Amino acid sequence: MAEEKTELLKGTLDMLVLKVVALGPIHGYAIAQRIQQISRDFFQLQQGSLYPALHRLEDRGWLRAQWKATETGREAKFYALTPRGRKQLEAEVRNWEQMTDAVALILRTAE
């Protein structure tokens, strides 16, 4: 039986978070839910990986955070993409597409 690999490749989590936040300001729990929904439950982020990623992205100046009330009236930290974050997202998507193209070439020809 083949071993299942559902772990994110290094750096992939940052790109996914930046992409979700690019859609509009959003709090951490909603980021995890959106990634899970869009990936059709393939990715289920744990708080222990999501929140360190959010802090890291904020420290790098790619996200900015602001406390606001959620739709249920609770206070939560909402994250928004900065102009530097948008440039980083574009670069990461470009790199990802190049890498997946290269892997696809190898998979199609290496037999």
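Asp14 is buried in this predicted model, because its relative accessibility is 7%, below the 20% limit. The side chain of Asp14 forms a salt bridge with Arg56, with the closest N and O atoms 2.6 Å apart. This pair links distant parts of the chain: Asp14 belongs to helix α1 (residues 12-21) and Arg56 to helix α3 (residues 47-59), 42 residues apart. Arg56 is partly exposed, at 31% relative accessibility.

Asp14 also meets Arg60 in a salt bridge, at 3.7 Å from N to O. Here the partners are 46 residues apart. Arg60 counts as partly exposed, at 36% relative accessibility.

The count of salt bridges comes to three. Another of them joins Lys77 and Glu58, whose closest N and O atoms are 3.7 Å apart. Lys77 lies in strand β3 (residues 75-81) and Glu58 in helix α3, so the pair ties together parts 19 residues apart in sequence. Lys77 is partly exposed, with a relative accessible area of 24%. Glu58 is partly exposed, with a value of 24%. Shared partners join Asp14, Arg56 and Arg60 into one network.

Glu92 lies in helix α4 (residues 83-109). Glu92 is buried but has no salt bridge. The nearest side chain of opposite charge is Arg60, 6.1 Å away. A polar contact of 2.8 Å instead joins the side chains of Glu92 and Gln88. Beyond its neighbours within four places in sequence, Glu92 is in contact with Gly11, Asp14, Met15, Leu18 and Trp62.

Helix α4 also holds Leu107. Leu107 is exposed, at 62% relative accessible area. Together with Trp96, Met99 and Val103, Leu107 forms a nonpolar surface patch of about 370 Å² accessible area.

Notes
Residues numbered from 1 in each chain as written. Predicted model: local features only at pLDDT ≥ 70, side-chain atom pairs only at ≥ 80, totals over all residues. Heavy atoms only, no water. Helix = DSSP H or I, 4+ residues; strand = E, 2+ residues; numbered from the N terminus. Buried < 20%, exposed > 50% of the residue type's maximum accessible area, 1.4 Å probe, protein only. Lys, Arg positive; Asp, Glu negative; His and termini not counted. Salt bridge = Lys/Arg side-chain N within 4 Å of Asp/Glu carboxyl O. Polar contact = N/O pair within 3.5 Å; in protein donor to acceptor, adjacent residues only side chain to side chain. Contact = heavy atoms within 4.5 Å. Patch = residues over 30% accessible without salt bridge, like charges linked within 9 Å, V, L, I, M, F, W, Y side chains within 5 Å. Areas by Shrake-Rupley, 256 points an atom, 1.4 Å probe, with all protein chains shown as cover.
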